[in-house]
Amino acid sequence: MKIKKQADPDTPKGITVYCASSTDLAPEYFAAARHLGEEIARRGLPLVTGAGNMGLMGAVNDAAIAAGGRTIGVIPEFMVERGWQHTGLDELIVTSGMHDRKATMASLAHGVIALPGGIGTFEELCEIITWRQLGLFTGNIVILNINGYYTPLLDMFAAAISQGFMRPDHARLYTVATTPQEAVEMALAEPATTFSPKF
């Protein structure tokens with residue numbers, strides 16, 4: 001495993017995956033994570049994650065590695081000090097903090113897929129949607145809605161639109177998939193530009 005402080009400028013863009021590091025989850029979530037890792041590897045794309053070794057993050061990484069895919073983890077230094085990093089990745093980028101971690105993960109992404117996760121995943125997902133709204137990220141953002149997990153959040157987004165907090169066409173800042181294969185296809189599609197700029 002190569003350990004770096006920043007990504008190489010010539011590193012090809014892949015698919016960044018946000019997901020849970022929790023371990024006490026239903027089997028269908030782990031199955032989806034493994035399928036997603038295999039699918040990304042099959043496409044010959046780098047898998048970019050937060051470099052965790054547990055939960056869905058560990059599962060998606062393990063599956064990509066087993067399928068012969070390239071794996072890149074991005075993790076803040078304090079998490080390395082706690083031993084949270086996956087040791088089997090091809091490349092580990094160690095950042096100074098959480099903000100640098102998220103910026104690096106976005107810079108390496110042709111598209112982003114959000115598997116189910118907790119508050120950290122919600123925060124990553126909402127931030128990258130905001131970046132796309134502001135023109136700071138131009139790739140596709142896919143919400144992988146396994147087992148209806150994200151339906152309440154999608155309903156919240158719809159409520160924000162219906163009550164004027166978001167513009168109606170900003171529902172096109174992201175797409176929703178129900179299978180890992182569909183999510184990868186959406187992530188790799190030509191990015192839509194048919195939404196109005198924030199300002």
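This is a predicted model: local features need pLDDT of at least 70, side-chain atom pairs count only at pLDDT 80 or more; totals for chains, interfaces and linings use all residues.
First, the ground rules. Residues are numbered from 1 along each chain as its sequence is written, and side-chain values use heavy atoms, with hydrogens and water left out.

Start with the sheet. Eight strands form an open sheet, and the pairing is parallel. The order is β1-β5-β4-β3-β2-β6-β7-β8. Strands here are DSSP E runs of at least two residues, helices are H or I runs of at least four, and both are numbered from the N terminus. Two strands pair if DSSP finds at least two bridges between them. The edges are β1 (2-4) and β8 (175-177), each pairing on one side only. Neighbouring strands are turned by 25 degrees against each other on average, direction ignored.

Now β2, residues 14-18. Five of its five residues are buried, meaning under 20% relative accessible area with a 1.4 Å probe, protein chains only. On one pairing, β2 runs parallel to β6 (residues 109-114) over five bridges. There, Val17 has Ile113 as its bridge partner. β2 also pairs in the parallel sense with β3 (residues 47-49), over two bridges. Here Thr16 is partnered by Val48. How does the chain get from β2 to β3, and what is the hand of that crossover? The chain goes through α1, and this β-α-β crossover is right-handed. That is, with the strands pointing away from the viewer, the path from the first strand over the helix to the second runs clockwise.

Move on to β4, residues 71-76. β3 and β4 pair in the parallel sense over three bridges. Val48 stands opposite Ile72 of β4. Helix α4 (residues 98-107) packs on the sheet. α4 touches β2, β3, β4, β5 (91-95) and β6, contact being heavy atoms within 4.5 Å. Its direction makes about 160 degrees with that of β4. Angles run from 0 to 180 degrees between N-to-C directions, and axes are lines fitted to C-alpha atoms, for helices over the stretch in contact.

Last, the helix pair. The axes of α1 (residues 27-42) and α2 (residues 55-66) come within 7 Å and cross at roughly 35 degrees. The contact includes Phe30 and Ala33 of α1, and Leu56 and Ala59 of α2. Its residues divide into ten nonpolar, two polar and two charged.

Definitions and conventions. Ala, Val, Leu, Ile, Met, Phe, Trp, Tyr, Cys and Pro count as nonpolar, Asp, Glu, Lys and Arg as charged, and the others, Gly among them, as polar. Buried means under 20% relative accessible area, exposed over 50%, partly exposed in between (1.4 Å probe, protein chains only).
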